[in-house]
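Please take the sequence and the coordinates together, and follow the chain from its overall layout down to single side chains.

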Amino acid sequence: MFGVDMHNARDTGAARVEDPWYDALASGRGEPDDTDSAARPARPPAAREVYTEVHGSAAFQEVRRRYRRFVFPAAAAFLLWYLAYVVAATAAPGLMARPVVGTLNVAMVAGLGQFATTFLLTWAYARHARLRRDRVALELRWVTQEMMRGRGR
């Protein structure tokens with residue numbers, strides 16, 4: 001097709017998928033076995049046990065607390081701002097029609113303010129996550145992966 005010889009992996013029987021996001025060591029496959037052949041390696045704990053333990057950990061609770069301390073007030077403030085805009089547009093059409101500059105009226109300024117607030121809130125959320133949660137969450141993820149391999153307890 002289009003002058004290119006297409007190769008079908010099914011024809012050869014050997015399909016190899018290169019996934020840059022797949023970490024063979026994190027999945028527990030491909031790790032060298034450093035025990036002798038007579039001793040069987042300890043079986044890693046079940047996922048449910050690990051995630052139950054992580055869920056109850058102080059680090060996980062801290063990540064959740066930091067998340068909630070930002071998201072709930074920000075969502076409430078944005079919802080109130082949006083509802084104020086809708087109520088003002090419905091209940092006070094004279095106020096909303098009042099010109100600000102030229103043909104630009106209060107309703108248009110408030111509507112553009114909604115867009116600006118959305119972008120500002122997105123930036124603030126990303127910044128908060130980067131500065132206050134990402135490092136702790138990444139460390140927690142690492143501990144969880146170690147526990148899934150049976151090494152972290």
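This is a predicted model: local features need pLDDT of at least 70, side-chain atom pairs count only at pLDDT 80 or more; totals for chains, interfaces and linings use all residues.

Residues are numbered from 1 along each chain as its sequence is written, and side-chain values use heavy atoms, with hydrogens and water left out.

The protein chain contains 6 helices and 2 strands, where helices (H or I, at least four residues) and strands (E, at least two) are DSSP runs numbered from the N terminus. In sequence order these elements give the pattern α-α-α-α-α-β-β-α. Of the 153 residues in the chain, 15% count as buried, a term that stands for under 20% relative accessible area, with exposed meaning over 50% and partly exposed the range in between (1.4 Å probe, protein chains only). Among the contacts (heavy atoms within 4.5 Å) with a separation of 6 or more, 70% join residues 24 or more positions apart.

The UniProt record, an unreviewed entry, carries the annotation "transmembrane region" for residues 70-92 and 104-126; its positions are given in the numbering used here, feature names are shortened, and annotations may be inferred rather than shown by experiment. In the model, residues 70-92 are 96% helix and 0% strand, with their end C-alpha atoms 32 Å apart. Residues 104-126 are 91% helix and 9% strand, and the end C-alpha atoms of that span are 32 Å apart.

How many salt bridges does the model hold? The count comes to 3, if a salt bridge is taken as a side-chain nitrogen of Lys or Arg within 4 Å of a carboxyl oxygen of Asp or Glu. E62, R65 and R66 are linked in a network of such bridges: R65 pairs with E62 at 2.5 Å between the closest N and O atoms, and E62 meets R66 at 2.8 Å, N to O. R65 and E62 are separated by about one helical turn because they are 3 residues apart in helix α4, and E62 and R66, both in helix α4 as well, are 4 residues apart, about one turn of the helix. E62 counts as partly exposed because its relative accessibility is 23%, as does R65 at 35% and R66 at 28%. Elsewhere, the side chains of E146 and R149 meet in a salt bridge at 3.4 Å, N to O; here E146 is buried at 16% relative accessibility, and R149 is buried at 18%.

Two further residues show local packing. A88 lies in helix α4 (residues 58-91) and, neighbours within four places in sequence aside, is in contact with P93 and M96. N105 sits in strand β2 (residues 104-105) and counts as buried because its relative accessibility is 18%. Not counting residues up to four places away in sequence, N105 touches M96, A97, R98, P99 and V100, and its side chain reaches the backbone nitrogen of M108 at 2.9 Å.

Definitions and conventions: A polar contact is a pair of N or O atoms within 3.5 Å; within protein, one must be able to donate a hydrogen and the other to accept it, and residues adjacent in sequence count only if both atoms are side-chain atoms.
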